[in-house]
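Here is a short report on one protein chain. Keep the sequence and the model side by side while you read.

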Amino acid sequence: MVNIPKERKTYCKSKKCSKHTVHKVTQYKAGKASSFAQGKRRYDSKQMGYGGQTKPVFHKKVRFALATCEAMPISRFALYDRPLGTV
């Protein structure tokens with residue numbers, strides 16, 4: 001697991017704030033993948049038998065969202081890449 005700070009000081013766009021404030025940080029988690037999706041079925045059939053890995057393996061970067069402060073609307077999240085050097 002990667003250590004990520006629990007809070008981050010960043011700009012708040014709301015009209016009440018309009019300045020840098022402390023926001024809570026939560027790490028994104030992918031939803032459960034369906035085994036019946038067309039892409040999964042196609043991938044599994046392609047992987048069957050000999051021949052090894054048939055498609056490139058994508059190693060997704062960790063991203064995290066900033067929890068909203070009370071002045072910001074709930075549906076708004078700011079996305080940031082993980083800083084380099086924090087492995």
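Ser-18 sits in the loop between β1 and β2. Strands here, like helices, are DSSP runs numbered from the N terminus: a strand is E over at least two residues, a helix H or I over at least four. Ser-18 has a positive phi of about 50°, although Ser-18 is not a glycine. The hairpin of β1 and β2 has 6 residues between the strands. Ser-18 is partly exposed, at 39% relative accessibility.

The model is predicted, and local features need pLDDT of at least 70, side-chain atom pairs count only at pLDDT 80 or more, and totals for chains, interfaces and linings use all residues. Residues are numbered from 1 along each chain as its sequence is written, and side-chain values use heavy atoms, leaving out hydrogens and water.

**The hairpin strands**

Strand β1 covers residues 7–12 and strand β2 residues 19–27. The two run antiparallel and are joined by 6 bridges. Strands count as paired if DSSP finds at least two bridges between them. Thr-10 stands opposite Thr-21 in β2. Cys-12 has Lys-19 as its bridge partner in β2.

Which residues does Glu-7 touch, beyond those up to four places away in sequence? They are Val-22, His-23, Lys-24 and Val-25. A contact here means heavy atoms within 4.5 Å. Glu-7 belongs to strand β1 and is exposed, at 53% relative accessibility. Cys-12 is also found in strand β1. Cys-12 is buried, with a relative accessible area of 0%.

| Pair | Separation along the chain | C-alpha distance |
|---|---|---|
| Glu-7 and Lys-24 | 17 residues | 4.5 Å |
| Cys-12 and His-23 | 11 residues | 8.8 Å |

**Cysteines**

How many disulfides does the model hold? A disulfide is a pair of cysteine sulfur atoms within 2.5 Å. By this rule the count is 0. Cys-17 is in no disulfide, and the nearest cysteine sulfur, that of Cys-12, is 3.5 Å away.

**The helix and its salt bridge**

A search of the whole structure turns up 1 salt bridge. The term means a side-chain nitrogen of Lys or Arg within 4 Å of a carboxyl oxygen of Asp or Glu. The partners are Asp-44 and Lys-40, whose closest N and O atoms are 3.3 Å apart. Both lie in helix α1 (residues 38–47). They are 4 residues apart there, so about one helical turn separates them. Asp-44 is partly exposed, with a relative accessible area of 32%. Lys-40 is partly exposed too, at 37%.

**The whole chain**

The chain has 1 helix and 4 strands. Along the sequence they follow the pattern β-β-α-β-β. Of the 87 residues, 15% count as buried. The accessible surface comes to about 7,900 Å², and 57% of this belongs to carbon and sulfur atoms. Areas come from the Shrake-Rupley method with a 1.4 Å probe; for residues, only the protein chains shown count as cover. Among contacts between residues at least 6 apart in sequence, 40% join residues at least 24 apart.

**Confidence**

The chain averages 78, and 69% of the residues score at least 70. Among the elements, α1 has the highest mean pLDDT, 95. Strand β4 (residues 79–81) has the lowest, 48. Over residues 71–82 pLDDT stays under 50. The model has 31 contacts beyond four places in sequence for that stretch. Where pLDDT is low, the predicted coordinates should not be read in detail.

Methods:
Buried means under 20% relative accessible area, exposed over 50%, partly exposed in between (1.4 Å probe, protein chains only). pLDDT is the predictor's confidence in each residue, from 0 to 100.
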